Amino acid sequence: MVGKKAGLNKVIEEVSKGVSLSGVVYMKQGDEVVSKAAYGYANRSEKISNSINTRFGIASGCKLFTAIAICQLVQDGRLSFDDRLQDILVYDFEHFSDDVTVHHLLTHTSGIPDYFDEEVMDDFEELWVKYPMYTFRELKDFLPLFQHEQMKFTPGEKFHYNNAGFILLGLIVEQVSKLTYQDYVGEFIFKKAEMDWSGFIAFDSLPSNVALGYIDNPDGTWRTNIYSLPVRGGSDGGAFTTAPDMIKLWESLFNDRLLSEEYTNKLLYPHVVVEEEVNYGYGVWVNKRNGSIFKYHLMGYDPGVSFRSSVYPNHDIKLVIPSNKEEGPSDVTKGIENYFTGR
């Protein structure tokens, strides 16, 4: 791969321009950065271009942070994967099964109701008609959206992607650590991984060097996503980070700086089969090819946000593609994979 950088960068350039990528492509093989490029505007009105170090929202990409936090607390003996939800949190979950465990929440197999069920809801913005997005600053603010609803299935029965489960995991982090979720992640993940440009930034107090998220309308007009998402991200999504910082996260995880080798392996283990060779670990997707692991990866999609990040262990490659519009990273990821696998 290192000897093919020119061909790789040509593929990235062609695919990125073909899908009008607005974001960053950052890729390392081993310790060498083999590709880095920025496209589009962080601020369209002011024509401020994205750069390699622009901070992007990553939506559900930050579920990995939550999984790492939980694994750290288990490693420290302060929690167990088999602990039951009802024995940890004191909130009222009147219809929830008594058998829901931390493991079920981590693997999207809990069966609890979700506050945004992607199988029955098309528009994330529908949530804010009844519950204004500017009131969502703490994890507990999400509870009224799902805590009194009925179970969807028996815990452990199947995989069903669930954002509410990760809200509950964040509340568990707060309960056990006695810190806010955001402060815990800042201290024990971002700081340890030297992710100096990462954080949970409120939309109404954005600092410099942050990409605004853009929603493109069919008629060619556009709007930002500030009225489409909670005012501050939490344990199910919404952190801001840079592409180089996300590489630091992967490197810290795989070098056992965030967890011991034992618990890193627990997090990365394919705990549940989603479909065929697509599996899910703790907060991370695990894809196989021909029976062996092809990649560990993260996906994030919100109004005005799309994000892909992957680690290919057999190729020693780490890839990060954040974007401040709703499409692009998936196509670029596929183009890169086809290039280095010869497909």
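Visitor: How do strand 1 and strand 2 pair, parallel or antiparallel?
Guide: Antiparallel, over seven bridges. Strand 1 covers residues 23-29. This is a predicted model.

Visitor: What stands opposite tyrosine 26 there?
Guide: Lysine 36 of strand 2.

Visitor: And what is the strand order in the open sheet?
Guide: The order is 2-1-14-13-12-11-10-9. That is eight strands, with antiparallel pairing.

Visitor: Which strands stand at the edges?
Guide: Strand 2 (32-39) and strand 9 (272-275). Each has a single partner strand, so one side of each is left without a neighbour in the sheet.

Visitor: What does the twist average?
Guide: It averages 20° from one strand to the next.

Visitor: Let's look at strand 10. How many bridges join strand 10 to strand 11?
Guide: Three, and the two strands run antiparallel. Strand 10 is residues 278-280. Asparagine 279 stands opposite valine 286 in strand 11.

Visitor: What about the turn between strand 10 and strand 11?
Guide: The two strands form a hairpin with four residues between them. Glycine 283 sits in the turn, with a positive phi of about 75°.

Visitor: Next hairpin, strand 11 and strand 12. Which residue takes a positive phi?
Guide: Asparagine 290, near 55°. That hairpin has two residues between the strands. Strand 11 and strand 12 pair over five bridges, in the antiparallel sense.

Visitor: What does valine 286 face in strand 12?
Guide: Tyrosine 296 stands opposite valine 286.

Visitor: Which strands does helix 7 lie across?
Guide: Strand 1, strand 12 (292-302), strand 13 (305-312) and strand 14 (317-323). Helix 7 is residues 243-254, and it runs at about 145° to strand 14.

Visitor: And helix 9, which strands does that touch?
Guide: Helix 9 packs on the sheet and touches strand 1, strand 11 (285-289), strand 12, strand 13 and strand 14. Its direction makes about 20° with that of strand 13.

Visitor: At what angle do helix 1 and helix 9 pack?
Guide: About 150°, with the axes 9 Å apart. Helix 1 spans residues 5-18 and helix 9 spans 329-341. The two are therefore roughly antiparallel. Their crossing is right-handed.

Visitor: Which residues make that contact?
Guide: Helix 1 brings Gly7, Leu8, Val11, Ile12, Val15 and Ser16. Helix 9 brings Asp331, Val332, Gly335, Ile336 and Tyr339. By class, the contact has seven nonpolar, three polar and one charged.

Visitor: Now helix 2 and helix 6. What angle do they make?
Guide: About 80°, with axes 10 Å apart. Helix 2 is 63-75 and helix 6 is 181-190. They are therefore roughly perpendicular.

Visitor: Which residues meet there?
Guide: From helix 2, Phe65, Thr66, Ile68, Ala69, Gln72 and Leu73. From helix 6, Tyr181, Tyr184, Val185, Phe188, Ile189 and Phe190. The contact has 10 nonpolar and two polar residues, and no charged ones.

Visitor: Switching to rings. How many aromatic pairs does the structure hold?
Guide: It holds 19. One of them is tyrosine 115 with phenylalanine 142. Their ring centres are 5.2 Å apart and the planes are at 50°, so the pair is tilted.

Visitor: Where do those two lie?
Guide: Both lie in the loop between helix 4 (102-106) and helix 5 (163-177). The pair ties together parts that are 27 residues apart in sequence.

Notes
Residues numbered from 1 in each chain as written. Predicted model: local features only at pLDDT ≥ 70, side-chain atom pairs only at ≥ 80, totals over all residues. Heavy atoms only, no water. Axes fitted to C-alpha atoms, helices over the stretch in contact; angles between N-to-C directions. Parallel < 35°, antiparallel > 145°, perpendicular 65-115°, else oblique. Left-handed = near helix turned anticlockwise from the far one by under 90°. Contact = heavy atoms within 4.5 Å. Nonpolar A, V, L, I, M, F, W, Y, C, P; charged D, E, K, R; others polar. Pairing = 2+ DSSP bridges. Phe/Tyr/Trp six-rings, centres within 6.5 Å; stacked < 30°, edge-to-face > 60°.
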